[in-house]
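Subject: Structure handover

Hello,

Here is the structure for you to look through. My notes follow below it.

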Amino acid sequence: MDWLYNFSGWQLALIGTAFTWAMTALGASLVFIYKNVSQNAFSFMMSSAAGIMLASTFFSLLLPAIETGGEFSFLILTFGFILGGALIILTDIVINKLNMFSGNLKKRSCAVMCIAVTMHNIPEGMAVGVAFGALASGQTVEAVAAVMLAVGIGIQNFPEGMCVAFPLRANGLSRGKSFLIGQLSGAVEIVAGVIGALAVTAVNGILPWALAFSAGAMIAVVCSELIPESFAQGKVKATVGIIFGFALMMILDLCFG
């Protein structure tokens, strides 16, 4: 993966988040082909993505944050992690209190789903940008860890694209409009990723804070969205998916990191 070092941080972030957005668009594009998707396949994708993202949170974010945090790394990691998790919790609270489309529960559910997915994609894109920004600046993040973080988020984004597009289609929107809105929910990751990479390369000392913040946000997303969704379809299948995703990320990091 030495070719990655030929690019600047924001360019790597752009490439990485373009992939995660493309996976969102790919998931949303299934609205042109299917009316619905197998719950077993959906559960395995979500649980595998959860496992990859859990491992990526440690290998790509927390471990480099510890190594770059210096003497006060325990404080930086603690506060940064809490702030990242608090952002997702606050977002969920605000979304749940929205009173839009009160006269039509189906439309309200679709709107809340679109907003939730879009808001959760912001810290995910930032996490990819921070990881690639640290990689390009020669700091402690390994190339394989940054790449696998993007892969894990991309896998998660595939069913997320479906989660947005299919309910919109079922609620009466055309296939084209359902796809357009579904893929747009992932486009925010590109902006957030580039901003994260630029911040890491431009501001001295921000890297451990940014890594810990992104880790807290990622853990909150996994716990609030991916794990409940995957376990709703069966405990054993979801557990297998999480172990598979975590083991895959761990093996790749140990072999190529």
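Of the chain's 257 residues, 47% count as buried. Buried means under 20% relative accessible area, exposed means over 50%, and partly exposed lies in between (1.4 Å probe, protein chains only). Those areas come from the Shrake-Rupley method with a 1.4 Å probe, and for residues only the protein chains shown count as cover.

This is a predicted model: local features need pLDDT of at least 70, side-chain atom pairs count only at pLDDT 80 or more, and totals for chains, interfaces and linings use all residues. Residues are numbered from 1 along each chain as its sequence is written, and side-chain values use heavy atoms, with hydrogens and water left out.

**Helices**

The chain has eight helices and zero strands. Along the sequence the pattern reads α-α-α-α-α-α-α-α. Helices (H or I, at least four residues) and strands (E, at least two) are DSSP runs, numbered from the N terminus.

H1 covers residues 9-29. Its 21 residues reach 30 Å from first C-alpha to last, close to the 30 Å expected at 1.5 Å a residue. The expected span is 1.5 Å times one less than the number of residues. Buried residues in H1 include Gly 9, Leu 12, Ala 13, Gly 16 and Thr 20.

H2 has 30 residues and should span 44 Å; its end C-alpha atoms are 42 Å apart, which agrees. There is a bend of about 35° in H2 at Ser 56. That bend is the angle between axes fitted to the seven residues ending there and the seven starting there. Gly 70 follows H2, and its phi is positive, near 75°.

**Aromatic pairs**

The structure holds three aromatic pairs. Phe 44 and Phe 244 form one of them: 5.8 Å centre to centre, 35° between the planes, tilted. This pair links distant parts of the chain, with Phe 44 in H2 (residues 39-68) and Phe 244 in H8 (residues 235-256), 200 residues apart. Phe 44 is partly exposed at 40% relative accessibility. Phe 244 is also partly exposed, at 45%.

Phe 58 and Phe 59 form an edge-to-face pair, because their ring centres are 5.2 Å apart and their planes are at 75°. Rings of Phe, Tyr and Trp (its six-membered ring) pair if their centres lie within 6.5 Å; planes under 30 degrees apart count as stacked, over 60 as edge-to-face and the rest as tilted. Phe 58 is partly exposed, at 39%. Phe 59 is buried, at 14%.

**Surface patch**

Phe 44 and Phe 244 turn up again here. With Val 236, Val 240 and Leu 248, they make a nonpolar surface patch of about 460 Å². H8 gives the largest share, four residues. Phe 44 lies in H2. Patch residues have over 30% relative accessible area and no salt bridge; like charges are joined within 9 Å, nonpolar side chains (Val, Leu, Ile, Met, Phe, Trp, Tyr) within 5 Å. A salt bridge is a side-chain nitrogen of Lys or Arg within 4 Å of a carboxyl oxygen of Asp or Glu.

Ile 122 sits in H4 (residues 105-136). It is partly exposed, at 32%. Ile 122 and Val 188 are 66 residues apart in sequence and 6.1 Å apart in space, C-alpha to C-alpha.

Met 126 is partly exposed, at 23%. Its C-alpha is separated by 9.4 Å from that of Leu 211, 85 residues apart along the chain.

Best wishes
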